[in-house]
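Please look over the points below with the model open.

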Amino acid sequence: MTIWSKLAIAGLAALVPLAASAETRVTYKSASAGSSYYQMGVQIAEAIKAGTDGGIIVTLEESQGSVQNVMEAAVRPGSYVFTTPPALVGLAQAGKAMFEGKGNPKFDEIRALFPIPSLTMHFVMSADSGVTDFAGMEGKTILIGKGSFGATEGAKYLDLFGLKDKVTLADVELSNAGAALKNGQIDGFVTAGSYPAPNVIEAAAGTGVTLLPLSDEQIAATKRTKLVIPAGTYAGQDSDVATTSLDVVAYTTTQMDDDTAYAMTKTFWEQKDKMGADAPWWNGVSTDMLASIKGKIHPGAQRYYAEKGIALSDAQK
């Protein structure tokens with residue numbers, strides 16, 4: 001029996017059904033298999049099923065990353081849920097950056113539900129590479145992935161720190177990072193999964209890795225929030241590693257009905273502590289993170305937050 005099944009079974013007896021008699025199906029677009037965000041999606045799917053007594057069934061889909069997730073919001077019918085940093089929703093609605101020339105009025109129908117664990121940038125080098133800082137990446141082969149926010153962010157950092165044309169970017173899927181590192185196809189990879197990230201755990205245990213820290217000056221240049229990965233998070237990590245983070249939110253569109261949005265939001269918050277007992281990345285999620293949502297929150301989710309006395313800004317309503 002998987003750990004996710006055990007979690008669902010343990011919670012069933014104590015939960016009150018939220019859904020009506022009809023079964024509602026929701027598609028949840030996550031991230032690449034093996035990533036922390038994919039595993040979060042598994043947990044959410046089990047928690048929603050348990051918390052609604054099977055009234056809402058969440059089907060998890062693998063994704064190349066946040067950019068693809070947002071793009072599909074313009075064309076996916078029915079109850080479509082996806083994860084992305086709020087900044088990407090704003091860029092899509094404005095038709096800027098990676099969404100330039102790809103504008104769609106459907107992007108204006110995107111609505112937030114609840115925050116999930118923040119993206120944590122990991123710059124992972126094989127221990128054998130001898131690289132301990134960003135300057136040491138020069139001349140190395142690095143995997144940053146394709147189409148994801150992490151790939152875009154990784155490319156941004158390479159440019160910021162003078163490495164844009166000084167590293168070789170590997171043409172390998174991020175889901176194959178562990179194997180590529182082990183067989184020497186790459187010297188390192190960049191991933192944006194919340195810590196502890198499964199692909200980093202795998203690489204640290206199987207190959208031996210070094211996490212590259214960012215200085216306060218480098219963090220300031222990224223214009224992101226500083227986050228410290230505690231020593232001992234990964235095998236062989238003997239000291240704290242300073243890096244950056246970015247809030248991530250679960251979104252849907254106006255095609256989701258209010259009752260489904262309400263049930264999903266309510267169940268998420270009621271199950272969060274149980275999920276956190278199994279995976280610590282949930283323990284840092286709080287309603288304070290709702291402030292990072294600059295766009296509108298789904299009316300069904302708003303109903304839950306109003307019941308709990310959680311204030312939302314006018315722009316979120």
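Helices (H or I, at least four residues) and strands (E, at least two) are DSSP runs, numbered from the N terminus. The model is predicted: local features need pLDDT of at least 70, side-chain atom pairs count only at pLDDT 80 or more, and totals for chains, interfaces and linings use all residues. Residues are numbered from 1 along each chain as its sequence is written, and side-chain values use heavy atoms, without hydrogens or water.

1. Aspartate 53 sits in the loop between α2 and β2 (56–61). Its phi is positive, about 55°, although the residue is not a glycine. Aspartate 53 counts as exposed because its relative accessibility is 54% (exposed is over 50%, buried under 20%, partly exposed in between; 1.4 Å probe, protein chains only).

2. Lysine 223 is another non-glycine residue with positive phi, near 65°. Its loop runs between α8 (216–222) and β10 (225–229). At 71% relative accessibility, lysine 223 is exposed.

3. Check the tyrosine 195 to proline 196 peptide bond: it is cis, with omega near -5°. Proline 196 belongs to the loop between β8 (188–191) and α7 (198–206).

4. Helix α2 (residues 36–51) and helix α9 (residues 258–278) have axes that come within 9 Å and cross at roughly 120°. Axes here are lines fitted to C-alpha atoms, for helices over the stretch in contact; angles run from 0 to 180 degrees between N-to-C directions.

5. Which residues of α2 meet α9? Gln43, Ile44, Ala47, Ile48 and Gly51 do. Their partners in α9 include Met264, Phe268 and Met275. Contact means heavy atoms within 4.5 Å.
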